[in-house]
Amino acid sequence: MSAIRQTSRILAIETSCDETAAAVVENGRTILSNIIASQIDLHAQYGGVFPEVASRKHVEVIHPVVEQALVEAHMGLDDIDCIAVTRGPGLVGSLLVGVNMAKGLALARHKPLLGVNHIEGHIYSLWLTDQVDEIEFPLLTLVVSGGHTELYLMVDHGRYQHLGGTLDDAAGEAFDKVGRVLGLPFPGGPAIDRLAAAGNASAYKFPRAVMEDGFNFSFSGLKTAVARQIKHFDKARIPVEDVAASFQTAVVDALVTKTERAALAYGATAVHLAGGVSANRELRRTMTERLKVPVRYPSPILCTDNAAMIGAAAHWHFINGRRDNLNIDVIPSLQLV
Ligand code: KG4
Ligand code: ZN
């Protein structure tokens, strides 16, 4: 086994969905560079991520993105201790581009390779904030993104207990689908966040789907209720702000209610929000207002997909001596626990 070290300089690569990203992260906490080539404009015309288009675009830009990450960090590959890459969950064709790039670099430059779980990356985006010294376990993490809505109790570095998750649509998926029926550009989340600020959140009473027991979520009924409500209006006269605000409040209420319940049940020292939807202002505000423990969330650029979070997660595996085989494969439905 390789010698165990306490410090690290990691080149991280993330291509699980529609962002081609590379970053250099020091000691799991300091971002030396964080390059993100977003494909949002490319997919907006389809109203969602088109997998084949995504992987083709990753192939086109992965080399310059990795190169730029090294240049901005003022480093060459010789200065790097380890190559980390998202191995799953995600789109198979997209993941393959990042994993093959990482394997190639590791093999050519004799560097250790670490395959990282994308969800664990989102969780570790919190270690890239300046609140890192205050973190104590056990803490509760709510990962809310386009593909996931999951509650984990984090009992130590790399040790998680899965408490619950969505039974149907992810929270971000609900934002994107409601955005589409409201005629908003893809992805719907940021647009709804903006429009809702000018709307009346009590204009429509949408279902919360807060099941009595457990810590699971369900958002598909809410999405359907919004679509049904919109049918009552003439297309040009939809009260977009009010619908956006009422929908957003229903999502936020369900997320906060379950998170609050879990934080109390498990004696969490704090609640961490991560993933694209954690950029939502109403979610941040309501969670902070209603919970009795500190609520932390990443800066907006670290909420959505990026490679710095992958480097932060990889650090803890690296200093614990984990090294992956160079023949690792992608796992599109990789679970955290
Ligand atoms: O984490 P992420 O970049 O990708 C996945 O791993 O899925 O999350 C993207 C999701 C999209 O569904 C997008 O609509 C949502 O995050 N999102 C937001 C906001 N910003 C991004 N949802 C609500 N409010 C926002 N401000
Ligand atoms: Zn993500």
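The model is predicted, so local features are given only where pLDDT is at least 70 and side-chain atom pairs only at pLDDT 80 or more, whereas totals for chains, interfaces and linings use all residues. Residues are numbered from 1 along each chain as its sequence is written, chains are lettered from A and ligands numbered from 1 in the order in which they are written, and side-chain values use heavy atoms, with hydrogens and water left out.

View 1. Helices (H or I, at least four residues) and strands (E, at least two) are DSSP runs, numbered from the N terminus.

**View 2. The zinc ion (ligand 2) and its protein donors.** H118 (NE2), H122 (NE2) and D305 (OD) are the protein donors of the zinc ion, lying 2.0 to 2.1 Å from it; donors are N, O and S atoms within 2.8 Å of the metal (3.2 Å for Na, K and Ca), and sites may look incomplete because water is not among the atoms. H118, in helix 4 (residues 118-124), and D305, in the loop between helix 10 (300-303) and helix 11 (308-319), link distant parts of the chain, 187 residues apart.

**View 3. The surroundings of ligand 1.** Ligand 1 is surrounded by 19 residues, the closest being G146, D176, D193, N280 and D305; a residue is near a molecule or strand if one of its heavy atoms lies within 4 Å of it. An oxygen atom of ligand 1 is 3.2 Å from a polar backbone atom of G172, and an oxygen atom of ligand 1 is 3.0 Å from a polar backbone atom of D305.

**View 4. The salt bridge between D193 and R281.** The side chains of D193 and R281 meet in a salt bridge at 2.9 Å, N to O, a salt bridge being a side-chain nitrogen of Lys or Arg within 4 Å of a carboxyl oxygen of Asp or Glu. Because D193 lies in helix 6 (residues 188-196) and R281 in helix 9 (residues 281-290), the pair ties together parts that are 88 residues apart in sequence. D193 is buried, with a relative accessible area of 11%, whereas R281 counts as partly exposed at 47% relative accessibility.

**View 5. Positive phi at H74.** Although H74 is not a glycine, it has a positive phi of about 55°. H74 sits in the loop between helix 2 and strand 4 and is exposed, with a relative accessible area of 73%.

How values were computed:
Polar contact = N/O pair within 3.5 Å; in protein donor to acceptor, adjacent residues only side chain to side chain. Buried < 20%, exposed > 50% of the residue type's maximum accessible area, 1.4 Å probe, protein only.
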